[in-house]
Amino acid sequence: MWLFLFSTLLCSLVYLSETREEGKIIGGNPVPISEVPYQISFRYHNQHFCGGSIYNDQSIVTAAHCVEGFRNVNGLSIVAGQTKLSDTNGQKIAVTKMTPHPEYDAETVDYDVAVLHLAQPLVFNENVSAIELSTTPVRSRSMAYVTGWGTTKQGGGGEVSDHLLGVDVRVQSWYACQLQYFLKLTSRMFCAGNFFGGQDSCQGDSGGPVKFENKLVGIVSFGRGCGDVASPGVYTQVSSVIEFIKNATNTSP
Ligand code: 4AZ
């Protein structure tokens, strides 16, 4: 009964919020790559379509849903050390192998993590460096930081932001988020944003980093719309897939 009432309220709120304008990284600010030197742009024939994070000089952490559509690595590359998509001063390196989590489930989006192996090692500098993985789940109420070049409209066809953007997002209670997502979350997921929306990631930010205390705590995974009421962004909890990442980055390409 309560779930029914709650759902009705939620649907009304979601319906009302659909009329609002959507943004890129919603409610964020331009950020130079030197502030988030672990951020990369994941590209197909040089077109940005997802984000990612540098784990070591030859491995990138991204989302499994970013790689699921590709039969092979032809045309896939990453660009590191670049603030604007239209700049050409970054390090562009081909992807030689992609390893989605073996338990990734496209229906539930559970275990939404993949590792990319690079053709050459990145050269680390002030704009290009690795981020440590968080070994513990990020706590509810923490203020985390999400970045990306995400699109202006959810659902594809939108424009990516040429300049890298970042936004602070409040980590939500897992149980409260479970209700907002009708019990569809798994323990590999956490939510961040706020109840009334306004700060969020969006399409094209997928696979990108969520940072807390200089560690990678999350991977941009999915959401109901972008920045909408009662629809926080859903992120892969890095600490729950850390063994996969470590194993996948240890194997040679
Ligand atoms: C997407 O479509 C997407 N608000 C990514 C993140 C979020 C929503 C949608 C989170 O790739």
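A residue counts as buried if 20 or more other C-beta atoms, placed from the backbone, lie within 10 Å of its own; 12 or fewer make it exposed, and anything in between partly exposed. Cys50 is buried because it has 26 C-beta neighbours inside 10 Å. This is a predicted model: local features need pLDDT of at least 70, side-chain atom pairs count only at pLDDT 80 or more, and totals for chains, interfaces and linings use all residues. Residues are numbered from 1 along each chain as its sequence is written.

**Overall fold**
- The protein has four helices and 14 strands. Helices (H or I, at least four residues) and strands (E, at least two) are DSSP runs, numbered from the N terminus.
- Of the 253 residues in the protein, 47% are buried.

**Around Cys50**
- Cys50 sits in strand S3, residues 47-56.
- Beyond residues up to four places away in sequence, Cys50 touches Phe42, Thr62, Ala63, Cys66, Ser206 and Gly207. Contact means C-beta atoms, placed from the backbone, within 7 Å.
- Cys50 and Ile40 are 10 residues apart along the chain, and their C-alpha atoms are 8.7 Å apart.

**Nonpolar core**
- The largest nonpolar core holds 64 residues; Ile60, Ile78, Val113, Ala114 and Ala144 touch the most other members.
- This core takes at least three residues from each of domain 1 (18-30 + 132-239) and domain 2 (38-130 + 241-249). The domain bounds come from an automatic or database assignment.
- Such a core is a set of buried Ala, Val, Leu, Ile, Met, Phe, Trp, Tyr and Cys residues joined through C-beta atoms within 7 Å.

Methods:
Two residues are in contact if their C-beta atoms, placed from the backbone, lie within 7 Å.
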